[in-house]
Amino acid sequence: VGLRSIGLVRGLFGFFIGAIIGLLLVTVIRFLLGLEPWSPDTFGFTEPAWVVGAILGVAGFMLGTGVANDWLKWANGEETPDHPQDQHESGIARYLSISYDHKAIGIQYGVTSLIVLLVAGLFALIFRTELAMPELQFLSLNTYNTIMSLHGIVMIGGMLLGVAAMSNYLVPVMIGANDMAFPRLNAFAYWINVPAVVVLLSSILLGGFDTGWTGYPPLSARAPLGMQMFFWGVVFIGLSSILGSLNIIVTVVRMRTKGMGYFKMPIIVWTALATAIIGLTATQLIGLSFQMVSFERLFGMSFFNPAGGGDPILFQHLFWFYSHPAVYVFILVGLGVISELLPVFSRKPLFGYKWVALSSFAIALVGFLVWAHHM
């Protein structure tokens with residue numbers, strides 16, 4: 001298999017091309033408008049140029065992989081198969097390229113989750129090693145804060161990928177469906193995580209950030225350029241979560257096998273459905289809160305600046321309205337796994353099946369009502 005046929009390789013090339021186009025495009029526009037086109041820091045490009053570069057880089061990655069090819073054909077009036085074919089039939093190339101099979105996508109999510117969690121764990125080892133002795137040994141203060149902050153958010157991203165891995169692999173199998181309701185959207189939701197993680201980690205090279213994983217303003221409104229890469233990396237990971245959640249909900253509601261009512265579904269399907277409802281409805285709030293701070297930095301808006309009529313506490317409400325229910329995104333599917341395994345190994349049916357099923361939704365609902373204790 002040639003490298004050019006590998007979706008990941010083409011995607012990374014597309015990311016590089018898209019990022020370069022974004023950087024140069026904004027630089028030229030600023031020059032024509034009489035604005036300062038260059039910055040003495042961050043490799044010479046301004047903050048708006050890097051933000052547009054990151055966004056176009058993600059777009060270039062997605063186009064390079066070919067995950068949007070069928071949608072582009074539809075826009076051009078061309079017919080496509082009901083279920084698209086994988087770019088590679090078997091072998092490791094299948095998992096490094098576009099696959100539309102829910103099991104393959106589940107494996108892609110799972111392996112990516114483990115890699116991301118290893119990176120986050122490495123960050124923890126670095127800053128804990130620094131803490132082994134008083135004073136700073138081998139990290140600067142800003143680098144320490146950046147690595148500590150990235151550890152938190154990268155761990156969260158890795159957990160989201162792990163939950164998506166279990167949901168993608170297990171839910172269609174356990175409800176008797178051949179695949180997810182929207183296989184193309186399923187592949188898109190996975191692949192956008194790859195450039196999102198690249199953008200997130202690029203914050204180390206672009207000055208870092210010192211806010212912790214929460215990104216509270218006003219500190220995040222004044223942090224180095226790496227703060228913007230943090231914001232937009234999380235926005236794209238959140239988009240993946242929203243699209244994947246939509247797919248899970250439609251699959252469970254519309255594609256259960258004949259005769260399988262809701263109270264005949266395995267418990268893990270109930271927990272995956274409750275998790276997907278949280279992901280679909282709450283994730284938008286963290287994306288919105290980060291975009292608002294990003295726009296405050298880029299355009300001088302005052303959403304969270306009291307001097308301009310804003311309120312920094314508003315950010316906390318928006319942020320935690322997602323980030324409290326998010327803890328149940330991490331745990332509900334795990335509780336579903338336990339509720340499936342215990343009856344098998346104890347050789348007894350699950351006690352109170354309906355209560356366990358409905359409690360998943362109760363947990364999701366209450367999670368939306370108690371965010372303020374984080375504040």
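Student: Which helix gives the largest share of the lining of the second largest pocket?
Tutor: Happy to start there, keeping in mind that this is a predicted model. The lining of this pocket takes at least two residues from each of H1, H2 and H8. Five residues, the largest share, come from H1.

Student: Which residues lie nearest the centre of that second largest pocket?
Tutor: The pocket holds about 260 Å³ of space. By class, its lining has 13 nonpolar and two polar residues, with no charged ones. Of the 15 lining residues, those nearest the centre are Phe 15, Ala 19, Leu 23, Trp 50 and Ser 202.

Student: How many residues does H5 give to the lining of the largest pocket?
Tutor: This pocket has a volume of about 370 Å³. Its lining draws at least two residues each from helix H4 (92–95), helix H5 (102–130), helix H7 (183–191) and H8. The share from H5 is the largest, and the number is seven.

Student: And how many charged residues are in the lining of the largest pocket?
Tutor: The lining is made of 18 residues, and Leu 8, Thr 112, Ile 115, Tyr 190 and Val 194 are nearest the centre. Sorted by class, the lining has 15 nonpolar and three polar residues, and the charged count is none.

Student: Which helices give two or more residues to the lining of the largest cavity?
Tutor: The lining counts 21 residues, and Leu 160, Ala 164, Ser 241, Gly 244 and Ser 245 are closest to the centre of the cavity. By class, 11 of the lining residues are nonpolar, 10 are polar and none is charged. The elements that contribute two or more residues are helix H6 (141–175), helix H10 (226–254) and helix H11 (267–299).

Student: Which element gives the most to the lining of the second largest cavity?
Tutor: This cavity has a volume of about 50 Å³. Val 116, Ile 153, Gly 157, Asn 193 and Ile 237 are among its lining residues. At least two residues come from each of H6 and helix H8 (193–201). With five residues, the element that gives the most is H6.

Student: Now the nonpolar cores. Which residues have the most contacts inside the largest one?
Tutor: As background, nonpolar side chains in soluble globular proteins tend to be buried together. Leaving out residues up to four places away in sequence, Phe 290 touches Trp 213, Thr 214, Phe 230, Phe 231, Val 234, Val 235, Phe 315 and Phe 319. The largest core has 77 residues, and the most contacts inside it belong to Phe 230 and Phe 290.

Terms used. Residues are numbered from 1 along each chain as its sequence is written. This is a predicted model: local features need pLDDT of at least 70, side-chain atom pairs count only at pLDDT 80 or more; totals for chains, interfaces and linings use all residues. Side-chain values use heavy atoms; hydrogens and water are left out. On a 1 Å grid over the protein atoms alone, a cavity is a set of points where a 1.4 Å probe fits but cannot get out, and a pocket is an open set with protein on both sides within 12 Å along at least five of seven lines; lining residues have an atom within 4 Å of a point. Helices (H or I, at least four residues) and strands (E, at least two) are DSSP runs, numbered from the N terminus. Ala, Val, Leu, Ile, Met, Phe, Trp, Tyr, Cys and Pro count as nonpolar, Asp, Glu, Lys and Arg as charged, and the others, Gly among them, as polar. Grid points are joined across faces, edges and corners, and a volume is the space filled by probe spheres set on the points. A nonpolar core is a set of buried Ala, Val, Leu, Ile, Met, Phe, Trp, Tyr and Cys residues joined through side-chain atoms within 4.5 Å. Buried means under 20% relative accessible area, exposed over 50%, partly exposed in between (1.4 Å probe, protein chains only). Contact means heavy atoms within 4.5 Å.
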